[in-house]
Amino acid sequence: MPAISMTPQEISDYIAQAGRDAWIVPDVPADTPRRKIAKVGVIGAGTMGGGISMNFASAGIPVVILEQKQEALDRGLGVVRGNYQRSADNGRFPQEEVSERMARLSGTLDMKDFADCDLVIEAVFEDMGLKKQIFADLDRIAKPGAILATNTSALNIDEIASATKRPQDVIGLHFFSPANVMKLLEIVRADHTADDVIMTCMDLARTINKIATLVGVCPGFVGNRILFARQAQAQKLVASGAMPWDVDAALNAFGFRMGPYQMSDLAGLDIGWKKGAKTANPIRDALCELDRRGQKTGAGYYDYDENRRPIPSQVTAKIIAEITGVAAGAAPGPDEIIATCIHPMINEGLKILEEKKAQRASDIDIVWLNGYGWPADKGGPMLYGDLVGAEAVLATTERLGAEDERFAPSKTLKRLAKDGSRFIDVQPG
C-alpha cells in the first residue's frame, strides 16, 4: 500500500470513530447481564493503588484499601487526600467534596475485610509469585461472584488466575500511572474470563470515566508490547552511536512530549535494578551505579538544573562511548531515528492482530493515543502505517530484521505491501 494523505479533519473523524468502536465487544452479546459493583477492594496504597482507589471514590463507589503496615496505609491515604485537596483548590470541584470523597475510602491491614467486596483489584509490584499468593488468598476470602482483577502491566493473567478455583472471575484491569489522571484502561481478557465479567468491567470503565479497550493476554498486552519494540530500537540506536538526546529530540519533533530517555529519567532508571545488577541495558546499569537514577537524584541520562530542565550530559556520553566503543558523531539523522523507532511499533501492532490480542486495528491506535501520548495529528500507530505506506515500513523492518529476527516483517505487513490493503482495515487473525 502506498502512503495515503488525510486532512486533519479526516484524522480527527477517524479517531472519534475508533473511540466509539473500542466499546463494542463483537463476540459477547450486548445484553449479557452485568454483575453489581457496589463496593471495591484495592490491594496496595502506593501511587498506583491510591490512584485506582480515587477513580471509584470519585464516582461514588466505596473502596477498602489494604496495606501491610499502618504507616504505609496512612501515607497512601494522605497522598489521596492531598490530590483531592489540590483539585478542589484549583476549582475542579467544591471544597466540601474533599471530605465526601475521602469518606468513601477506608483502610485495612486485614484481607478479610474484602469479604463483602464485589470487585477486588490487586496493585502490588510485578512479581508473579506474590500475585499468585494474593489471588490464592482472595480465592478463600472473596464472596462467590466477586470479580478478581490484577493491575499487572505485562505478566501472564492466565497464570495468575490458575492460583484460584474460579478463573472465570479473573480479569486484568491495567490502569496507567497516574491512575487518577490517565484516561486509558486496558481490560485484559484471560482464557477463562466470563462474558459477564468482561461486560461488567467495560461498563465500569465508563462509570469511572475511563476510555477502555479489551485486549488479550500476551507479554505487555497491547500498549507495553508495542512500547517494548520502541525501547529496544532506541537502545540499539544508542549502541550504534546516537546519543539519548538525539533519539528524544527526533521523537519530540515527531510529536511525543517525552522521548524514551526523558521518560526513563522521569520514571527512575532503577526500576527493576538493584546495586551490582547486570541487565540487558549496561548503560543504564552504569548510570545507576553512579547514583544517576533519573530526575529524583538530579541526574540520569541527562543532567538536571534546579528547575529540573534536562541538559545533555558529558558523563553519560563518556559512559556510552566506553560501553559501546562507538565514536560520538556517528548518529543517524532524525528521519532514520523516527523510522527505526516507529516502524517496528506498526509491525508489532500487526503481530498483535495476527494473534487476535486486539479486537480491531483502531483499538491499537486508541491505546497509544490515550495511554502513551501518541500525537493526535498522526492518528495512532496503525493509521500512521497508512500515512507512510506499507512499502516504507516493510523496508525498515527488513533492515532491522536482518540484524535481529524479532523485528522482521510480519506476514501481514508483507501482504499489505503486496496487495495494497490498509493497516486500519486489518482484521484479527
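Buried means under 20% relative accessible area, exposed over 50%, and partly exposed in between, with a 1.4 Å probe and protein chains only. The model is predicted, and local features need pLDDT of at least 70, side-chain atom pairs count only at pLDDT 80 or more, and totals for chains, interfaces and linings use all residues. Residues are numbered from 1 along each chain as its sequence is written, and side-chain values use heavy atoms, with hydrogens and water left out.

**View 1. Strand 1 and its pairing with strand 2.** Helices (H or I, at least four residues) and strands (E, at least two) are DSSP runs numbered from the N terminus. From strand 1 (residues 40–43), Val40 and Val42 point one way, Gly41 and Ile43 point the other way, and all are buried. Strands 1 and 2 pair in the parallel sense over four bridges; two strands pair if DSSP finds at least two bridges between them. Val42 has Ile65 of strand 2 as its bridge partner.

View 2. Leu148 is bridged to Val170 in strand 6.

**View 3. Helix 3 and the second largest pocket.** A pocket is an open set of points on a 1 Å grid over the protein atoms alone, with protein on both sides within 12 Å along at least five of seven lines; a cavity is a set where a 1.4 Å probe fits but cannot get out, and lining residues have an atom within 4 Å of a point. The lining of this pocket has 32 residues, with Gly51, Met54, Ala179, Asn180 and Val181 nearest its centre. Helix 2 (47–58) and helix 3 are the elements that give two or more residues to this lining, and helix 3 gives the most, with nine residues.

**View 4. The largest cavity.** One cavity of 30 Å³ or more is present in the structure, and the largest cavity holds about 30 Å³ of space. Its lining consists of Phe56, Leu173, Phe175, Leu185, Cys201, Leu204, Ala205 and Ile208. Strand 6 and helix 7 (195–207) each give two or more residues, and helix 7 has the largest share, three residues.

View 5. No disulfides (pairs of cysteine sulfur atoms within 2.5 Å) are found in a search of the whole structure. For Cys117, the nearest cysteine sulfur is that of Cys201, 14 Å away. Cys117 is buried, with a relative accessible area of 0%. For Cys218, the nearest cysteine sulfur is also that of Cys201, 18 Å away.

**View 6. Helix 14 and its surroundings.** In helix 14 (residues 361–371), 10 of 11 residues are buried, including Trp368 and Leu369. These buried residues pack against several elements, among them helix 1 (8–21), strand 7 (184–189) and helix 13 (334–354).

Key:
Grid points are joined across faces, edges and corners, and a volume is the space filled by probe spheres set on the points. Contact means heavy atoms within 4.5 Å.
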